[in-house]
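Thank you all for coming; today I would like to walk through a few side-chain contacts, and I will take them slowly. Please have a look at the sequence and the structure first.

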Amino acid sequence: MAVKTLLSRSLLPRTLRGRLIAGLVALFAIGCATVGVVTYFAVQGELSRGLDNDLQTATGLAYKCWEQQYDGKNSGDPTPEGGNSRQPSASNPGTLPAAGSAPSPVPDANTGMPFSVAISQSCPGLAEHTFVAVLVDGQWQSALVGTPSFTLSAADERTLSTIPPWRAPPGSHCTYTGPPGADFPTSTRYLSWAHGTFLLTTILDPDCDSSVYYTGLPLSDLHNTLCNVALTEAAVFAGALLLTAVLSTLWVRFSLLPLRRVATTASHVAELPLESGEVSLPAGVPDTDPETETGQVGLAFNRMLGHVETALRRRAASETRLRRFAADASHELRTPLAAIRGYAELALLHPGEAPEIVTHALGRVLSESTRMSVLVDDLLLLARLDAGRPLSSEPVDMTRLAIDATSDAQVARPSHGWVLELPDDPKLVLGDEHRLRQVLGNVLSNAGRHTPDRTTVTLRVSDALPDGEPGSGAGTAAHGTLPPAPRLVISVTDDGPGIPAALLPDLFERFTRADTSRSHATNNSSTGLGLAIVDAVVAAHHGTVLVTSRPGMTRFTIVLPQVTEPAPRKAAPAGRQNSKQDLST
């Protein structure tokens, strides 16, 4: 079954157009083959019937000629049975050759010419190449009309002897007047001397002697005619098949033109950034006749485009309202949160004789208000990025930002090992320095927060992607499109327990928190917006973020377009001259 399916897939064209053209050509080929076979056998039957009728006529004519020739040559002595004797005699040397002699042309006794010529003149009604022969008492006499010298070979004589002769009806023996009206059976034999196959009749002379008469017509003309018919049909049908294939191709292409317009429009829609919000969809296809199949497809396609456009418009409006709400709410919350933090700090600076529980409560108020302020700032940043507000664009030395971010991470989590790998020259990108610094800080903070103590975290700045990136499979994720070269690649790799594969698809979604199995202690300072900000800021810089994670290795790779112009050099921090630094000490 699998082999049959594979064979059908390999033989059938893959496209609808190819299958329609192949089907039309195959149907026409089957029709041509049917017409050709029927025509061939019809012509063969008609020619065979005509040749059989000609042979029956030639048999009667040849029989009369044989009878007249023998009657004119024989002495006419009656036989005991009342018939005429046809045995060769001294007075009739041209009738038959002597027994045991070679079957060669014998001169006619009356005319002195070969027998084959004599029979041609005595029977002018016989067509060219008509074969006549007689067997009398084991002796053969033969002729091929139009051939002066003709002799049967011994093999031909044996071949003809195998044909059962026609016999007169019972009760008419010695009184039968001749075969002109009889329908004689026919057979085919190959005669080597004539180099051809003949359709033959064989008659046992009904006049009470043992003579056997043979009459034959060549089948070469019939075979040549049938061969010409077959070649003509093949040439005509091949030309018609080729013309049908060309016309079918043009017709099918014309008929499927509406479907091609649908496919073109669908491809154009597929290339649109539908995830970016409200987009302008094409007007649809003009083929909307409900009476045709292609019109029904076009009508349904246009309806689908209308529904998609309406849904996109509603979604874009909803997202716009949500972003505006988040931005407005974040903006409005910043002032009261700042006031709460200020009063809490003021109360803690002058606790007076307040009970310890009140002091603790004020500390918690300050802590949570600080955390909520960070959350509000992050929400406001995401809302602005979603609204497409441009960031500042200036050359930024990412090696300097990497040093600062790693130093901050080492101070925040001294129990981790922090390794910094830098190139010899500064690496520049065009972007917002504050936001890029926030990206590196969020990635390093994420690596430190969700890995146990004594985990080694390596930050590497280079021009090339790490081995295996961009990866594929369950342990990888990618957001964005790789920018063209030259690229700046920043990778943060840790040897922690890894990220669960089920979490990777939603890793950059907002309010996504890592599984607690990656954290050695519950940490309530995480808002779940850090990686969402990383994704949004990198996307605003036309870059991409790649993630590869497995037990023992997690790597975040940030790829940004690199600027080749040198930036104004600033004094490097201590230790900046080394390409690799271990900041864990």
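Let me start with Glu421, which counts as partly exposed because its relative accessibility is 22%, where buried means under 20% relative accessible area, exposed over 50%, and partly exposed in between, with a 1.4 Å probe and protein chains only. Before I go on, please note that this is a predicted model, in which local features need pLDDT of at least 70 and side-chain atom pairs count only at pLDDT 80 or more, while totals for chains, interfaces and linings use all residues. Residues are numbered from 1 along each chain as its sequence is written, and side-chain values use heavy atoms, with hydrogens and water left out.

Which residue does the side chain of Glu421 meet in a salt bridge? The partner is Arg460, at 3.5 Å from N to O, and a salt bridge here is a side-chain nitrogen of Lys or Arg within 4 Å of a carboxyl oxygen of Asp or Glu. Glu421 lies in strand S7 and Arg460 in strand S9, so the pair ties together parts that are 39 residues apart in sequence; helices (H or I, at least four residues) and strands (E, at least two) are DSSP runs, numbered from the N terminus. Arg460, at 32% relative accessibility, is partly exposed.

Salt bridges with shared partners join Arg400, Asp404, Glu433 and Arg437 into one network.
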